[in-house]
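Colleague: I am new to protein structures and would like to learn how to read one. Could you walk me through it?

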Amino acid sequence: MLREFEEKLRQRKGKPFYIPKQEELLKYKEESYFEVTKEYEALRSYLTLNIFEGDEAKAEKLCEEVQGICENCFSMELIFDVFNREDVIFKNEDQVNEVLQRVMALANNTRIWENNGHTPSEIFNMMERPNLRPLPKSGKFNKIGRNDPCPCGSGKKYKKCCGNLYSPE
């Protein structure tokens, strides 16, 4: 447990702190408060119309669970577990892709502790990007190593971030 905490502190190092406006700061005293972003609204709206056929309560419940995963321990495996637990049945592959795009947009625009309250997108945009690799002229990508920084800009190692999506574990 102490090692995990030390790792979380290490991930925060060097990142600026997010300082909310007073009105927003006061909302954070509620333990269940989270910022409802346009990405959250887009996911909830899509789920309401296309998955739950107008059932706003089911869509809201699912979105709140996805939001919690995005804040605390994001992984696609956990997201799919939530969809399975809620018996979500997708009509086709396009619908799965639409939902996953909205989930990723939500994850990239959710304030997280490791980023000192900033979203991954905010950190990506404000930090220097020395680890981004230019596209090679041949059109082929260089392979990302497990211990390389993740190209998504999270500041985590690839194996602990996006590389985790593809592991067979």
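Predicted model: local features only at pLDDT ≥ 70, side-chain atom pairs only at ≥ 80, totals over all residues.

Colleague: Where is the place of Glu53?

Modeller: Glu53 sits in the loop between helix H3 (38-51) and H4; helices are DSSP runs of H or I with at least four residues, numbered from the N terminus. Before we go on, residues are numbered from 1 along each chain as its sequence is written.

Colleague: Is Glu53 buried or exposed?

Modeller: The general idea is a scale of relative accessible area: under 20% is buried, over 50% is exposed, and in between is partly exposed (1.4 Å probe, protein chains only). With a value of 69%, Glu53 is exposed. Glu53 also has a positive phi of about 45°, although it is not a glycine.

Colleague: Which loop holds Asn116, and what is its phi?

Modeller: Asn116 belongs to the loop between helix H6 (93-108) and helix H7 (120-126). Its phi is positive too, about 55°, and Asn116 is not a glycine either. Asn116 is buried, however, with a relative accessible area of 7%.

Colleague: Let us turn to helix H6. How many residues does H6 have, and how far does it reach?

Modeller: To get an expected span, multiply 1.5 Å by one less than the number of residues. H6 has 16 residues and reaches 22 Å from its first C-alpha to its last, close to the 22 Å expected.

Colleague: Which residues of H6 are buried, and why do they line one face of the helix?

Modeller: An α-helix has 3.6 residues a turn, so residues three or four places apart point the same way. In H6 the buried residues are Gln95, Val99, Leu100, Val103, Leu106 and Ala107. Seen down the axis, they fall within an arc of 130°, so they line one face of H6; the arc is that of the directions from the helix axis to the C-beta atoms. These buried residues pack against H3, H4, helix H5 (76-85) and H7. The face turned away from them carries the exposed residues Glu93, Asp94 and Gln101.

Colleague: What caps the N-terminal end of H6?

Modeller: Asn92 does, with a side-chain oxygen 3.1 Å from the backbone nitrogen of Asp94.

Colleague: Which residues is Gln67 in contact with?

Modeller: Contact means heavy atoms within 4.5 Å. Leaving aside neighbours within four places in sequence, Gln67 touches Phe34, Glu35, Tyr40, Leu106 and Thr110. Gln67 lies in helix H4 (residues 56-72) and is buried, at 4%.

Colleague: How many aromatic pairs does the structure hold?

Modeller: Rings of Phe, Tyr and Trp (its six-membered ring) pair if their centres lie within 6.5 Å; planes under 30 degrees apart are stacked, over 60 edge-to-face, and the rest tilted. There are 2 aromatic pairs here. The rings of Phe34 and Tyr40 have centres 5.2 Å apart and planes at 55°, so that pair is tilted. Phe34 is buried at 14%, and Tyr40 is buried at 0%. Phe83 and Phe90 have ring centres 5.7 Å apart and planes at 50°, so this pair is tilted. Phe83 is buried at 2%, whereas Phe90 is partly exposed at 22%.

Conventions. Heavy atoms only, no water. Helix = DSSP H or I, 4+ residues; strand = E, 2+ residues; numbered from the N terminus. Polar contact = N/O pair within 3.5 Å; in protein donor to acceptor, adjacent residues only side chain to side chain.
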